[in-house]
Amino acid sequence: MAEKQTIELPVAAFRAMLLNFGPQHPATHGTLRIKMELDGEIITKATPYIGFLHSGFEKLGEHLDFNQYVTVADRMNYMSALNNDIAWHLAVEKLFAVEVPKRCQYIRVILAELSRISDHLVFLGTHALDLGAFTAFLWSFREREKLYDIFEMITGGRMTTSFTRAGGLWADMPKGFDDKVLEFCAQFPARLQEIEDLLTRNRIWIDRTKGIGVISGEEAVSYGLTGPCLRASGVVWDVRKAEPYSSYEDFDFEIPYGENGDVYDRYLVRLEEMRQSVRIAEQAVRNMPSGPVDVDQSKKIRLPPKQKVYTEMESLIHHFEFIMPGKGPKLPAGEVYVPTESPNGELGYYIVGDGKSKNAYRARTRPPSFVNYQAFSKMVEGRLVADAVAVLGSLNIIAAELDR
Amino acid sequence: MDLSDRISKQVLTTKLDEIVKWARKHSLWPMPFGTACCAIELMAVLASRYDLARFGSEAIRFSPRQSDLMIVAGRVCNKMMPVLQRIYLQMPEPKWVIAMGACASSGGVFDTYSVIQGIDNFMPVDVYIPGCPPRPEAIIEAVLMIQEIIAKERQEI
Ligand code: SF4
């Protein structure tokens, strides 16, 4: 009789299962791909792969002039295009060493804050949707439509606004704009409360978000997190307060922060930020200074008013030269970096000018999504697969900003 | 009421392919392949104000195997194109494709080394929507155009 044989199965080798998450997955918000190694349902290792939406933003920055590039900057964090516009032109203005008039700064603040609200609303809607709450999505998009109307009224576009110009804005506020903003600000907190009532004390929501994706304040700083993700860990840092730009020092607002650094706190911080944004926008509308929105013509970085172009020879020449390629104002030689507080964190542009052309020699972006995404693996390792979706949603990664 | 009267009130005669087309056209199941800004506008179309459900297309499916209309919303980069092609192939016939926005149709403002200058270089497209991003009304119009295409198509049942 043949001897009984035992076969050793290499059990350990079979244990880890590879799960490919994305790049086409409803919870990846575009085009993220994460390779997960699983032990049962526990993630032992998560490796993000990026670059699925690399569109050459920074290269375009070298080929378009400082006013044209705003159209592309728009499309970087498309949920809050105006914040990108403002950040880009703040950097350009710093390189030109000009400061825009107060009125322009205030209008920029209104737009930046409304756009912050619209970004957080998408976060709220999609994050809830990912975790199975559909109503919050519909309600937050209803509010967003109101913001779209406001943006359309002033910039002419719903989403991709391209509104700022070096040394000013494309146009002043239209008539009735301030009333519309005030009207929105008056009704928004109550609407937000309605959405909050659906989620904040909802048992399922709390189970899915509390204690998930925890990152301590120290770790958050060492990973370079910024924005709501950093503040949710208890680090009170906001560029608007720390290094005020565009007259933020004139406004009275608070910086909300969390304690635990989990998904739930990141959600709460964003909710509170929306309320603070409403406060800032209201103050800016009420204290709106009068005067011009563009820097004065002696700086020669802004187009002359149409009236003058038709009546004065010099303005006509200036206008003509401004538009011609190879003529007009050249970016001064030098390098600048300006940080701003975008809805996702610190957004800054680093521009190198060579003094020879209107195009930047180098237009580098410091995108908050890219830096915040680093912490993702840390947050999900050792957790369940379902938590990965919650964590990803709470970081609010914008693929276009991540890959540029 | 005699029998022929009742029949004329309650029974409708039609051709089989007509009725199938009619059903297909009013119950499109879109698969949003959203990569960038256009995807946010697509979400707005699905949400409260514009409500694509009015046109029978609200059953969004993220699985290609359960859908018949692909909406490519956003720019598609070199690294993403194989993924898109593969997902397209996974969709069961009959299927239709909408290229939404300037990027998907032609590359848009991103005339760069890494962006596909129009997805129609690599896969069939039925309807293009111009705009950057297109307005929600334009997206609805495109869905209606797809419905027209379905109504006109000759199909073997
Ligand atoms: S067409 Fe415009 S809005 Fe749409 S993805 Fe391209 S850049 Fe974004």
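Reply: A pocket here is an open set of grid points where a 1.4 Å probe fits, with protein on both sides within 12 Å along at least five of seven lines. A cavity is a set of points where the probe fits but cannot get out. Rolling a probe the size of a water molecule over the atoms shows where empty space is left. Keep in mind that this is a predicted model.

Start with the largest pocket. Its volume is about 710 Å³. The lining takes in 34 residues. Nearest the centre of the pocket are Pro26(A), Leu129(A), Pro32(B), Met43(B) and Phe62(B). Those five names come from chains A and B.

Which elements supply at least two residues each to this lining? From chain A, they are helix 5 (102-130) and helix 6 (135-155). From chain B, they are strand 1 (30-34) and helix 3 (37-46). Helix 3 of chain B gives the most, with five residues. By class, the pocket lining has 24 nonpolar residues, seven polar and three charged.

Searching the whole structure turns up three cavities of 30 Å³ or more. The largest cavity holds about 70 Å³ of space. It is lined by 13 residues, and Cys37(B), Cys38(B), Cys103(B), Cys132(B) and Pro133(B) are the closest to its centre. The lining of the largest cavity splits into seven nonpolar, four polar and two charged residues.

The second largest cavity has a volume of about 60 Å³. Its lining has 13 residues, of which Met79(A), Ala81(A), Ser118(A), Phe151(A) and Met159(A) lie nearest the centre. Helix 4 (81-96), helix 5 and helix 6 of chain A each put in at least two residues. Helix 6 of chain A gives the most here, with three. The classes are seven nonpolar, four polar and two charged.

How many helices and strands does chain B have? The count is six helices and four strands. Read from the N terminus, they run α-α-β-α-β-α-β-α-β-α. The C-alpha trace of chain B spans about 75 × 35 × 25 Å along its principal axes. Of its 157 residues, 48% count as buried. Take the contacts in chain B with a separation of 6 or more: 78% of them join residues 24 or more positions apart. The chain exposes about 7,800 Å², and carbon and sulfur atoms supply 55% of that area.

Last, the aromatic side chains. The whole structure has 15 aromatic pairs over all chains. In one of them, the ring centres of Tyr248(A) and Phe251(A) are 6.4 Å apart and the planes stand at 70°, so the pair is edge-to-face; the cut-off for that class is over 60 degrees. Both Tyr248(A) and Phe251(A) are buried. Tyr373(A) and Phe376(A) make a tilted pair, at 5.8 Å centre to centre and 40° between the planes. Tyr373(A) and Phe376(A) are buried too. Tyr248(A) and Phe251(A) also belong to one aromatic cluster with Tyr106(A), Tyr245(A) and Phe253(A).

Technical notes:
Residues numbered from 1 in each chain as written. Chains lettered and ligands numbered in written order. Predicted model: local features only at pLDDT ≥ 70, side-chain atom pairs only at ≥ 80, totals over all residues. Heavy atoms only, no water. 1 Å grid on protein atoms, 1.4 Å probe; cavity = no way out; pocket = protein on both sides within 12 Å on 5 of 7 lines; lining within 4 Å. Points joined across faces, edges and corners; volume = space filled by probe spheres on them. Nonpolar A, V, L, I, M, F, W, Y, C, P; charged D, E, K, R; others polar. Buried < 20%, exposed > 50% of the residue type's maximum accessible area, 1.4 Å probe, protein only. Contact = heavy atoms within 4.5 Å. Areas by Shrake-Rupley, 256 points an atom, 1.4 Å probe, with all protein chains shown as cover. Phe/Tyr/Trp six-rings, centres within 6.5 Å; stacked < 30°, edge-to-face > 60°.
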